[in-house]
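Morning, everyone. I have one structure to walk through today. Please look at the screen.

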Amino acid sequence: MKRRFYKVCTSLREQSNISYAKIASAAGFSDMNLIIIKATSPDDLPVHEKYIQYFLKLFALSPSSCHSFAISFTRRFGTTRSWRVALKSLILLHRLLRSVQGNSPLWAELLWTRSNGLISLYPCHFKDATSSSSTCSISYTNFVTSYAQLLDEALNCVALDSKKLDNQKYHEEENDTFREKMNEMGEILEILPQLQSIIDRVIDCYPIGVATRSFIVQSAMKHIIRDSFVCYTKFRAEIVVVLENLFEMSYRNCIAAFNIYKKSAVQTNKLCEFYEWCKAKGLCGYYEYPFLEPIPGIQIKALESFLSGMWQLTESSSSSMSDQESSSIFTEDDGRQQIEMIKGNEEEKPLIDLGEYEDDDVSWETVLESSVSFCHAYHQNDSLGSNSFDGMWETATYKSPAAASNPFNQESYESNYYGRFAHNPVYPWGL
């Protein structure tokens, strides 16, 4: 009885808001609140394209309108108890974020509303009160909260990028090419975990129950999935750059790169299962999905053995480190302790000086294979042929870390497997 009462009250309030918005529009008013109310009406239709175009034109002509939009959006999303309104509000926000650059005032205004506690996308406090049963309510509520957390993670990426801009001028003035390159690698190592976190949030947007049959939910899933294509491809390109420069990096960054690569092996398997479910539901075309290359466990074990061998070499110059400590470098707590013990000169030196090798044409794949023998706990050297690491080390065009300022931006994005996605300067993908 209580749920039915809440459902009736919520429906009446939403219908009153819609009626008021229509009357105000007919009278010539164009208040931001009214436009957002009309764009997020509690029906089963997706957000109309005309509202997306209206807001984009408004932001382009009047950047100050981004502040009004951020305030109106927080009011609409924060007060509704209808899952349709909440979900369409997030879709509206998502589509706008995908169509603006990372330096757009819209991102700054949303970060401001979040930092001042005007909106909370994570944790999201939304609870549906319009569904006919508690089971349906939980299904829709879980999807809305997962979707909101994904958008909150996207805001974190932009916040991280804005902090790094403070050091950009210093990096540009660096004359040391090697040090500048290592600074770039350090920035990439900060971006990669953010991309991995976004992919985790995408996988969490897994509708269950009645939510899987909703047309609005399926519409939102198409946007979410296509963004994951961009994030995965960006991540793959950047991790290849990191692995290609692994020998020149400090030991601290080597351990960070290994942990990222090790997590990606598990994450790729989860993402593959998620994509298979999406394909079965008919979400997006088969040609749009990128080819996911699973990372074999033998590659992780070989790279771990290599780094363990390099640690044993480093340990010979640091008598304070015990054998027991050097054998457990791949746990996070122990890794941090060991990193602290090799601060100083080790931080500025490359892990391996390739100048030690007399043959100028020696490939680092050969060095990697020979380094496996340093680890006495791993005795499968003979089973690793010269092509064992093919696929893990491949050529990739380097992209500036600044490209990750908007994690959903498709600018200069090109699929490595199935050609370029359809590009629209205003709205990259559409439905």
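One term before we start: when I say that residues touch, I mean heavy atoms within 4.5 Å. Keep in mind that this is a predicted model.

Take Q218, in helix 10. Leaving out residues up to four places away in sequence, Q218 touches T212, R213 and L283. Is Q218 buried, exposed or partly exposed? Its relative accessibility is 29%, so Q218 counts as partly exposed. Now look across to P46. Q218 and P46 are 172 residues apart along the chain, and their C-alpha atoms are separated by 9.8 Å.

Now the overall picture. The protein chain has 16 helices and zero strands. The chain holds 431 residues, and buried residues make up 50% of them. What about contacts across the sequence? Take the contacts between residues at least 6 apart in sequence: 78% of these join residues at least 24 apart.

On to helix packing. Two packed helices are described by the angle between their axes and the distance between the axes. Start with helix 10, residues 215-244, and helix 11, residues 251-280. Their axes come within 12 Å and cross at roughly 150°. Angles over 145 degrees count as roughly antiparallel. Helix 10 and helix 11 are therefore roughly antiparallel to each other. The crossing of helix 10 past helix 11 is left-handed. Which residues make the contact? On the helix 10 side, they include M221, I225, F229 and Y232. On the helix 11 side, they include A257, I260, Y261 and S264. By class, this contact of helix 10 with helix 11 has 16 nonpolar residues, two polar and no charged ones.

Compare a second pair. Helix 5 covers residues 83-99, and helix 6 covers residues 105-115. They pack at an angle of about 135°, with axes 10 Å apart. Helix 5 and helix 6 are therefore oblique to each other. Helix 5 brings L93, L96 and L97 to the contact, and helix 6 brings L106, W107 and L110. The classes here: six nonpolar residues, no polar, no charged.

Next, helix 2, residues 32-39. How many of its eight residues are buried? Six, so helix 2 is largely enclosed by the rest of the structure. The buried ones are M32, L34, I35, I36, I37 and A39. What caps the N-terminal end of helix 2? That is D31, with a side-chain oxygen 2.9 Å from the backbone nitrogen of N33.

Then the stretch from helix 6 to helix 7. P123 sits in the loop between these two helices. A cis peptide bond joins Y122 and P123, with omega about 0°. The S137 side chain reaches the backbone oxygen of D128 at 2.9 Å.

Last stop: C284. Find C284 in the loop between helix 11 and helix 12. C284 is not a glycine, yet its phi is positive, about 70°. Is C284 buried or exposed? At 12% relative accessibility, C284 counts as buried.

That's the tour. Questions, please.

How values were computed. Residues numbered from 1 in each chain as written. Predicted model: local features only at pLDDT ≥ 70, side-chain atom pairs only at ≥ 80, totals over all residues. Heavy atoms only, no water. Axes fitted to C-alpha atoms, helices over the stretch in contact; angles between N-to-C directions. Helix = DSSP H or I, 4+ residues; strand = E, 2+ residues; numbered from the N terminus. Parallel < 35°, antiparallel > 145°, perpendicular 65-115°, else oblique. Left-handed = near helix turned anticlockwise from the far one by under 90°. Nonpolar A, V, L, I, M, F, W, Y, C, P; charged D, E, K, R; others polar. Buried < 20%, exposed > 50% of the residue type's maximum accessible area, 1.4 Å probe, protein only. Polar contact = N/O pair within 3.5 Å; in protein donor to acceptor, adjacent residues only side chain to side chain.
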